[in-house]
Amino acid sequence: MQESGPSTRRRTPRGPVPTARTGGPAAPNGASAAPPPVPPRAAAGLLVTLVLGGLTALPPLSMDLYLPALPQVTGALNAPAATVQLTLTACLAGMAVGQLAVGPMSDRWGRRRPLLAGMAVYVLATAACALAPNAALLVAFRLLQGLAGAAGIVIARAVVRDLYDGVEMARFFSTLMLISGVAPVVAPLVGGQLLRVTDWRGVFHVLTAVGALLTLVVWRWLHETLPPARRHGGGVGSALRTMRGLLADRVFTGYMLCGGFAFAALFAYISASPFVVQEIHGASPQTFGLLFGINSVGLVVVGQINGKLLVGRVSLDKALAAGLAGITAAAAALLVMTSGLFGRVGLLPVAVGLFVLMSAMGLVMPNTNAQALMRAPHAAGSASALLGASAFLVGAVASPLVGIAGEHTAVPMAVVQLVCVLAATGCFLGLCRPRQRTAAPADPPTMGR
C-alpha cells in the first residue's frame with residue numbers, strides 16, 4: 001500500500017475493508033467525501049505520542065528494570081538460574097496470550113476500555129510479584145503481569161494504525177521507538193542503582209508505582225481513536241475468522257514471522273545477558289546496566305535514522321533487509337567468540353557484538369510492524385495482536401533455551417540468536433518476497449494472498 005493524496009484516500013469503504021487513513025491534511029473545503037472515520041492527524045499530538053510511547057515502553061521496563069536482579073533472585077528464592085529465567089518466559093507468554101485476547105476486544109469495544117482494564121490488573125499483578133514467597137508463585141504472578149500488560153502493547157500499535165498509514169506510520173513507529181527506547185536505556189541503570197538500596201522486591205514496588213502512574217495518565221489524556229461506526233460487533237467466532245483471514249495473507253504472515261523471530265533473537269540477548277556479563281565475565285550489576293543502556297542507545301539511534309533519513313527515501317523492505325543482515329553478522333560473530341574457536345575472549349568484543357545486534361533491531365522492528373499493519377486496515381487490533389503474540393511466543397520459547405547449558409557459557413545464547421535470525425530472513429525472503437512485490441508496489445493487500 002503506498003501513500004497517496006487525501007483526495008484519493010478518503011474513498012467510500014467497500015466490503016469489510018474500511019477507507020484507509022492518511023497522516024496528511026484534511027480534505028479541501030467543499031469536498032464531497034464522507035467525514036474521516038478517525039480523528040485527524042492533529043489528534044496524535046505530542047501528548048498522545050508520549051502516552052503511546054509510555055505504553056510501548058512498559059513491557060521493556062517490566063523486563064529490564066528487573067534484569068540486574070536475576071542473579072540475586074536465584075539466591076534469595078533458592079532457585080536455579082533456569083527456573084528464574086522462567087519468570088521472564090512467563091511474562092512473555094502472558095503478553096503473547098493477552099494480546100490475542102485484547103486485540104479483538106479493542107476492535108469490538110474501542111481502545112480505551114480494554115486498555116484501562118488491562119492496566120489496572122497489571123498494577124495488582126506487579127504488586128503481587130513483590131510479595132511472592134517462592135519461585136513458583138513469582139512465575140505465576142509474572143504470567144498474570146504479562147497477560148494484563150499486553151493491553152498496552154497491542155492497543156498502542158492499534159491506535160497508531162487508526163491515525164496513520166504508509167510511510168507516515170513507519171515514521172511514527174520510529175518516533176515511538178525513540179520514546180520507548182528510553183526505558184531499556186534507563187531501566188537497567190536504575191535497576192542496578194536500586195539494588196544498592198533495596199532488594200529485588202523493591203524493584204517490583206517501583207514497577208507498581210510506574211504502572212499506577214501510567215494508568216492515571218491513560219485515563220486522563222488518551223482519548224478514543226476508534227469510532228463506533230468502525231467497530232466489529234462479532235464475538236469470539238468473528239475474531240477468530242478475522243485472524244484466520246489475516247494469517248491467510250502470505251505477505252502479512254511473512255512480516256509477522258520475520259518480526260517474531262527477530263524479536264526472539266533480541267530476547268535471547270535480554271534473557272542471557274545478565275548471566276553472560278555478570279557471571280561469566282565478572283562484571284557488577286552497575287556495569288551490566290551501563291552496557292545494556294549503551295546497547296539500547298544504539299537501538300534508538302538506528303531507529304531514528306530509519307524514521308528520519310531512510311523512510312521515504314529507501315523502501316521499507318530494503319531497510320528491513322539491511323537490519324536482518326546486520327543481526328545475522330552480529331549473531332555469527334558472537335557464536336564464533338563464545339565457542340572459543342579463537343581462544344577465550346574478554347567482555348569488550350562480546351559487548352561490541354551485542355551492540356551491533358541490538359542496534360540493527362532499529363531497522364527491523366518498526367519496518368516489520370509498518371509493513372504488516374498496512375496489510376490490515378480493516379482490523380488493526382487483531383493484526384496488532386497477532387504481531388505481538390507471535391513475537392512474544394517465540395521469545396518465550398527462546399528464553400529458557402539460552403540457559404540450557406547452565407549459567408557459565410554463552411554458546412546457547414549465540415546459537416539461539418543465529419537460528420532465530422536465519423529463520424527471520426527465510427520468512428522475509430520466502431513469504432514476503434520483496435523482489436517480486438517491487439515490480440508492483442501499488443498492489444493492494446488481499447486476504448489469502
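This tour moves through the structure in a series of selections, beginning with the whole chain.

**Before selecting anything**

The model is a predicted one, in which local features need pLDDT of at least 70, side-chain atom pairs count only at pLDDT 80 or more, and totals for chains, interfaces and linings use all residues. Residues are numbered from 1 along each chain as its sequence is written, and side-chain values use heavy atoms, with hydrogens and water left out.

**The whole protein**

Display the chain as a cartoon. The protein has 17 helices and zero strands; helices (H or I, at least four residues) and strands (E, at least two) are DSSP runs, numbered from the N terminus. Of the 449 residues in the protein, 55% are buried, where buried means under 20% relative accessible area, exposed over 50% and partly exposed in between (1.4 Å probe, protein chains only). Among contacts with a separation of 6 or more, 85% join residues 24 or more positions apart; contact means heavy atoms within 4.5 Å.

**Helices H2 and H5**

Select residues 46–64, which form helix H2, and residues 112–130, which form helix H5. Their axes come within 13 Å and cross at roughly 25°; axes are lines fitted to C-alpha atoms, for helices over the stretch in contact, and angles run from 0 to 180 degrees between N-to-C directions. H2 is therefore roughly parallel to H5 (angles under 35 degrees count as roughly parallel, over 145 as roughly antiparallel, 65 to 115 as roughly perpendicular and the rest as oblique). Leu 55, Leu 58 and Ser 62 of H2 meet Leu 115, Met 119 and Tyr 122 of H5.

**Cys 129**

Remain on helix H5 and select Cys 129. This residue counts as buried, at 0% relative accessibility. Not counting residues up to four places away in sequence, Cys 129 touches Leu 138, Phe 141, Arg 142, Gln 145, Trp 200 and Phe 204. Between Cys 129 and Leu 144, 15 residues apart in sequence, the C-alpha to C-alpha distance is 9.6 Å.

**Asn 78**

Next, select Asn 78, in the loop between helix H3 (70–76) and helix H4 (81–109). Asn 78 is exposed, with a relative accessible area of 73%. Its phi is near 55°, a positive value in a residue other than glycine. Most residues other than glycine have a negative phi.

**Helices H11 and H15**

Now select residues 250–280 (helix H11) and residues 380–401 (helix H15), whose axes come within 7 Å and cross at roughly 40°. H11 and H15 are therefore oblique to each other. The residues in this contact include Phe 252, Met 256 and Gly 260 of H11, and Ala 383, Leu 386 and Leu 387 of H15.

Also in helix H11 is Gln 278, which counts as buried at 11% relative accessibility. Leaving aside neighbours within four places in sequence, Gln 278 is in contact with Pro 68, Pro 71, Ser 273, Ala 283, Ser 284, Pro 285 and Phe 288.

Finally, show the sulfur atoms of Cys 258, Cys 427 and Cys 432. A disulfide is a pair of cysteine sulfur atoms within 2.5 Å, and by this rule the count comes to zero. The cysteine sulfur nearest to that of Cys 427 belongs to Cys 258, 7.0 Å away. The sulfur of Cys 432 has its closest cysteine sulfur in Cys 258 as well, at 6.2 Å, too far for a bond. Cys 427 is buried, with a relative accessible area of 12%, and Cys 432 is buried, at 0%.
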